[in-house]
Structure formats: structure tokens, C-alpha cells
Amino acid sequence: TDQQLRDVYKLYLRCMTLLEAHPVERQTYELVYDLLERVASVQTFVALTDADVGYSESLTDELFDLILNRIDSNKLTNGTIPNEALRSILSGVIQESESISDKQLEALIHNLHPARKKDFAHGYDMAHYIVTTLPGKIQHSFSTIFDETFKRLTAAYSMLADMQKLSKD
């Protein structure tokens, strides 16, 4: 069922959160690293983007937050983050998604700030990779947000103009 599938993804995410602990035990690190490599090689997370299979925006948002904001490769003492696997996971999700959620865009934008390059290089590098390798998908999402914002501003301006006309009459 869809719920069972979402539960499996929650378990994957929970395993990935083990990389947040500092220090990470060697055995735990190796198990999570292996899991990430396997999940990336078969693009397991792509199913999260399919409405017929068990789409979950909250789980994809959590995936982005975890990879971009919470896993810090500078604090790992037992190895490195499997960056290629993480890039593959994020890229696959973005490529297969109809659109990118506001929270995912926010995570990308936040990590592209120059201060992040110095303070949290892992998040910056991941976000930079995504934006430079999938520019069309990212640009489309930004355009959609700007269009919606422009429409709201235009409607608000029109409403204010109408109110001014009424107050003059």
C-alpha cells in the first residue's frame, strides 16, 4: 500500500539521520554508506515523486533538508559522505518531479549563500551541483514562483486602486 511504501522511505530517512550523530560509530557509518550507495544506484527515492505510487512532498522535503542542511561531512571522523550517491538521489528526485516544492527551493537557495560555502561546504556543494546540472528544472520552478508572486501583487495593486477610487467618490 501507499502507506507501507511511505513507511519504508521514513525508515531510509531515519537511517540517513544516523550520519548526523557526531561521532558516528564506524560500523554504523559503513552500514549507512552502503545503504546510500544502493539506494542511489537503483534510484529508490524517485518513487516518492510518483502520485500513483505514493507521492509524499513532506518526505521529499525532509530528504532535501537532511542532505542539504543536516548532514555535515566536516564532522565525520570515520570517513566521508558518499557525495556521488547523495547527488544522484537529489538529482533523480528533481528530474522526476512535476515541480520542486517551496521548501526544496528554499533549501537550495539557503545553501547557495556565499557564507554557506565557508561554514557548511557540504550543503553549498550539493546545492551548487543541483543548480548547475539541472538548470532548466530549477529555472522553471523559480519562474513559477515569480509568476505567482507577480499575479498576487498585481491583484493587490488593483484592489488598492479600486479602494482609492471608491474613497474619492
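The secondary structure of this predicted model comprises eight helices and zero strands, so that the order of elements from the N terminus reads α-α-α-α-α-α-α-α. The chain is more spread out than a compact globule, because its radius of gyration of 20 Å is well over the 15 Å that the globule rule gives for 169 residues. Along the principal axes, the C-alpha atoms occupy a box of roughly 75 × 45 × 25 Å.

Buried residues make up 35% of the 169 residues of the chain. Among contacts with a separation of 6 or more, 75% are between residues 24 or more positions apart. The chain exposes about 10300 Å², of which carbon and sulfur atoms supply 54%.

**Helix α5 and its cover**

Helix α5 spans residues 102-111, and its buried residues are Gln104, Leu105, Ala107, Leu108 and Asn111. These residues lie on the same side of α5, because they cover an arc of only 160° around the axis. An α-helix has 3.6 residues a turn, so residues three or four places apart point the same way. On the other side of α5, the exposed residues are Asp102, Lys103 and Glu106. The cover over the buried residues of α5 includes α3 (57-70), α6 (114-119), α7 (121-133) and α8.

Ser91 belongs to helix α4, which covers residues 83-96, whereas Ala161 belongs to helix α8, which covers residues 135-168. Their relative accessibilities are set out below.

| Residue | Relative accessibility | Class |
|---|---|---|
| Ser91 | 9% | buried |
| Ala161 | 25% | partly exposed |

Ser91 counts as buried because its relative accessible area of 9% is under the 20% cut-off. When its neighbours within four places in sequence are left aside, Ser91 is in contact with Tyr129, Ile130 and Leu134.

Where does Ala161 stand in relation to Leu108, in sequence and in space? Ala161 and Leu108 are separated by 53 residues in sequence and by 37 Å in space, taken from C-alpha to C-alpha. Leu108 is one of the buried residues of α5, and α8, the helix in which Ala161 lies, is among the elements that cover those buried residues.

Definitions and conventions:
Residues are numbered from 1 along each chain as its sequence is written. This is a predicted model: local features need pLDDT of at least 70, side-chain atom pairs count only at pLDDT 80 or more; totals for chains, interfaces and linings use all residues. Side-chain values use heavy atoms; hydrogens and water are left out. Helices (H or I, at least four residues) and strands (E, at least two) are DSSP runs, numbered from the N terminus. The radius of gyration is taken over C-alpha atoms; the globule rule is 2.2 Å times the number of residues to the power 0.38. Buried means under 20% relative accessible area, exposed over 50%, partly exposed in between (1.4 Å probe, protein chains only). Contact means heavy atoms within 4.5 Å. Accessible areas come from the Shrake-Rupley method with a 1.4 Å probe; for residues, only the protein chains shown count as cover. The arc is that of the directions from the helix axis to the C-beta atoms.
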